[in-house]
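Here's a quick tour of a model, from its overall layout down to a few single residues. Have the viewer open and follow along.

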Amino acid sequence: MKRGYLGVLTGLMMVMLAGCTNGVSYEAGSYVGSAQGKNGPIKVEVTFSENKIESVQVVSYKDDLDYATKAVEGMPESIIAKQRLDVDAVSGATLTSRGIVGAVAQCVTDAGADPEKLGFTSVAKKTDSQEVLITGLTDEKIITGDEIKAMTPVTFEAISIDASGTQTPTSGKGVKLEDILAQYGESQKNYDAIVLNATDGYAIEIPRDVLAIRDVIIAYEVNGAACDLRTVVPEERAMYWVKFLNKIEIKGAVTQVETENLAMLETAVLMCTPETYKYYDAIDQAVPTSQLLEKTGATKTETVDVAGMDGWARTENYDLYKNQYIKITGENAPMFIGPDLPEGMRMKDMLYNKLGKDLILSVSKAQEKYGTTTMNGKSGVAIDKIFQELKIREAARYKLTGSDGNETEISLEELKKGLLTLSDGGVDGVFEGPDAVSVKGLLFIKAVV
Ligand SMILES: Nc1nc2c(c(=O)[nH]1)N[C@H]1C(S)=C(S)[C@@H](COP(=O)(O)O)O[C@H]1N2
Ligand SMILES: [Mo]
């Protein structure tokens, strides 16, 4: 029996190797363990010899991403190769990876060994030293996981609803942000917005109207298992449920700046150099936002409002915005997107980007959202309607600038009778009245102030 002989030899070498490296011994046999993955429990079966983790097999799991599959294949390999539990998570599948390690740790315990000797740290222990920075109050605060766990907890039962409408019942335990702020004599209701930031680069702003009526819970336990500090905002969509929370920015009153300069996205985009952009199975075209900023001359502001046609808007940091793309062809175009931008920060069917007094408008989305009317045989969205909906500054006169640099001045009255139509020049401005003008390749409508 050649095979058996070889097996014994290899086994013996491994025992010696394992013996030197960690000196951990197990009650040989097969054990089954489970731990929380991303979407549900992960079950593993681990076989131990007296000195070695011989095999790790993921028996079942609910996480269905491509990345999760990579973790299911890769993590057992790494654990066996290293004979340790402090192995790197598969990038993009942190929660699945961690679930696998947690389930193996349970088997290690059942086999009579201490998983901490193999470099294992439970999530609960890890979050003790996790820090959340709070900015925007009189001075910066840092609150740690163990300080949070020492506070009076609240439990929650909530339904997580993601962008695709998928509903996931979620229960857990944490503390109210309002209770943390109360320690500093503050309240979330006194502020205009709170931006939640995560270690993976995800960020989202919770606006005042949500802060006024909802609890923002900083959770450390979800569905019966310890989790990294994260927010849960019951009754609000999952975009506010920020995992891997590391910074809370509290924003004071920001006065809404009136738009004075309306730039036409479709015209500006024709002046940019598009790049190919791979979006799932499609190859689309996208222009860098940095180019769009250049062509529209939009001023640098601290933040940029990125609004979708469906009424959803996000406030992005200028530097983040400047390094993304606007996908201008294919599904959901125009779409705010970027190769490193977390999926939840993408904006489909973008209506506008607003930087202070400058607003870059997608006329095609404005037509879809506000409807079209016909004038001089041309169909377009009424400028009057855009003024009402987007709160554009009213001035006596406006300057119209074409992509060729030509400028025309018209009165407010004339302007408001006009339409914005789409053409091969991007956007055309169609006007009537005594001084009838029509601007092909309209780039800007600027209030003369
Ligand atoms: N840290 C972090 N938290 C995040 C996100 C993210 O990309 N990073 N995406 C958000 C969005 S848009 C949604 S819909 C949910 C998705 O949660 P799920 O991955 O548990 O379904 O998490 C939210 N919290
Ligand atoms: Mo989402």
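## Domains

The centres of domain 1 and domain 2 are 29 Å apart, taken over C-alpha atoms. Six residues of domain 1 and seven residues of domain 2 make up the contact, where contact means heavy atoms within 4.5 Å. The chain is assigned domain 1 (24-121), domain 2 (125-251) and domain 3 (261-447), and such bounds come from an automatic or database domain assignment.

Some ground rules: this is a predicted model, so local features need pLDDT of at least 70 and side-chain atom pairs count only at pLDDT 80 or more, while totals for chains, interfaces and linings use all residues. Residues are numbered from 1 along each chain as its sequence is written, chains are lettered from A and ligands numbered from 1 in the order in which they are written, and side-chain values use heavy atoms, leaving out hydrogens and water.

## Around ligand 1

Who sits around ligand 1? The list runs K38, D162, A198, D200, Y202, A238, M239, W241, V242, K243, P342 and G344, each with a heavy atom within 4 Å of the ligand. That shell splits into seven nonpolar, one polar and four charged residues. Here Ala, Val, Leu, Ile, Met, Phe, Trp, Tyr, Cys and Pro count as nonpolar, Asp, Glu, Lys and Arg as charged, and the others, Gly among them, as polar.

For polar contacts (pairs of N or O atoms within 3.5 Å), start with K38: a polar side-chain atom there is 2.8 Å from an oxygen atom of ligand 1. D200 puts a polar side-chain atom 2.8 Å from a nitrogen atom of the ligand, and W241 has a backbone N or O atom 2.7 Å from a ligand nitrogen atom. The protein covers 77% of the 530 Å² of accessible area that ligand 1 has on its own (Shrake-Rupley method, 1.4 Å probe).

R314 belongs to strand β17 (residues 313-317), a DSSP run of E with at least two residues. Its relative accessible area is 3%, so R314 is buried (buried is under 20%, exposed over 50%, partly exposed in between; 1.4 Å probe, protein chains only).

A89 lies in the loop between α2 (66-82) and α3 (94-110), helices being DSSP runs of H or I with at least four residues. With a relative accessible area of 38%, A89 is partly exposed. Leaving out neighbours within four places, A89 touches M75, T94 and S97.

How values were computed
Polar contact = N/O pair within 3.5 Å; in protein donor to acceptor, adjacent residues only side chain to side chain.
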